[in-house]
Amino acid sequence: MSVTVEAPPRAAAPATARLHYRPESASAARRLVRRKLMDWELHELADDAELIVSELVGNAVRTGCLTFMTVKIRRVTAHIVRISVRDGSRTMPVLLKAGEDEECHRGLALIHKLTHGQWGVTPDEFGKSVHADLRVPFG
Ligand SMILES: Nc1ncnc2c1ncn2[C@@H]1O[C@H](COP(=O)(O)OP(=O)(O)OP(=O)(O)O)[C@@H](O)[C@H]1O
Ligand SMILES: [Mg+2]
């Protein structure tokens, strides 16, 4: 079996921002991902990416950590865009089932839906990073 590994396109440098644990950071994170997706001419991913990063930042804010979270958008491959938010809490996220009319616990369920289950958590020494992958549409 042969496996083709596609390198990310040139000029696919990631974008990163260190943001305070405050609700206002969500809008800075949305701007960061939208701007980067425009650079990559992936306009069609921008709305989903903004929703995802808003939910990830919202969850990071609720950890109540101090100093900064790190928001990042990068091309994992030519066909996968990864959005991640690292926070300083070692508590892991839990995908909760929200009822149809419930207003809470919808964030990760939304991310799960938008990424077709392609999201995850990577713990590190002092916290963890939660990432969500969007597939670049063909054509
Ligand atoms: N970054 C995180 N650090 C620690 N716990 C998290 C993190 N993200 C999510 N969680 C946990 O997972 C649960 C589910 O997250 P989710 O985003 O689905 O719902 P929510 O944040 O409770 O509500 P909503 O997103 O609808 O405002 C949270 O209640 C929280 O307990
Ligand atoms: Mg949430």
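Me: Which residues does Ile-83 touch, not counting residues up to four places away in sequence?
Reply: Ile-83 touches Val-33, Ala-49, Ile-52, Val-53, Leu-56, Ile-73, His-131 and Ala-132. Touching, or contact, means that C-beta atoms placed from the backbone lie within 7 Å.

Me: How should I read the numbering and the model?
Reply: Residues are numbered from 1 along each chain as its sequence is written, chains are lettered from A and ligands numbered from 1 in the order in which they are written. This is a predicted model, where local features need pLDDT of at least 70 and side-chain atom pairs count only at pLDDT 80 or more, while totals for chains, interfaces and linings use all residues.

Me: How many helices and strands does the chain have?
Reply: Three helices and five strands, in the pattern β-α-α-β-β-α-β-β along the sequence. These are DSSP runs numbered from the N terminus (helices: H or I, at least four residues; strands: E, at least two).

Me: In what order do the strands form the sheet?
Reply: The order is E1-E2-E3-E5-E4, in an open sheet with antiparallel pairing. Strands pair if DSSP finds at least two bridges between them. E1 (15-20) and E4 (119-123) stand at the edges with a single partner strand each, so one side of each has no neighbour in the sheet.

Me: And how many bridges join E2 to E3?
Reply: Seven. Arg-74, for instance, has Arg-82 in E3 as its bridge partner.

Me: Which strands does H2 touch?
Reply: H2 packs on the sheet and touches E2, E3 and E5, its direction making about 15 degrees with that of E3. Axes are lines fitted to C-alpha atoms, for helices over the stretch in contact, with angles from 0 to 180 degrees between N-to-C directions.

Me: Back to Ile-83. Which residues touch the most other members of the largest nonpolar core?
Reply: Val-53, Leu-56, Val-57 and Ile-83, out of 25 residues. H2 gives the largest share of this core, seven residues. A nonpolar core is a set of buried Ala, Val, Leu, Ile, Met, Phe, Trp, Tyr and Cys residues joined through C-beta atoms within 7 Å. Buried means 20 or more other C-beta atoms within 10 Å of a residue's own, each placed from the backbone.

Me: New topic. Which residues come nearest to ligand 1?
Reply: Asn-59, Pro-93, Arg-106, Gly-107 and Leu-108, of 18 around ligand 1. A residue counts as near if its C-beta atom, placed from the backbone, lies within 6 Å. H2 also gives the largest share of this shell, four residues.

Notes. Buried ≥ 20, exposed ≤ 12 C-beta atoms within 10 Å, placed from the backbone. Contact = placed C-beta atoms within 7 Å.
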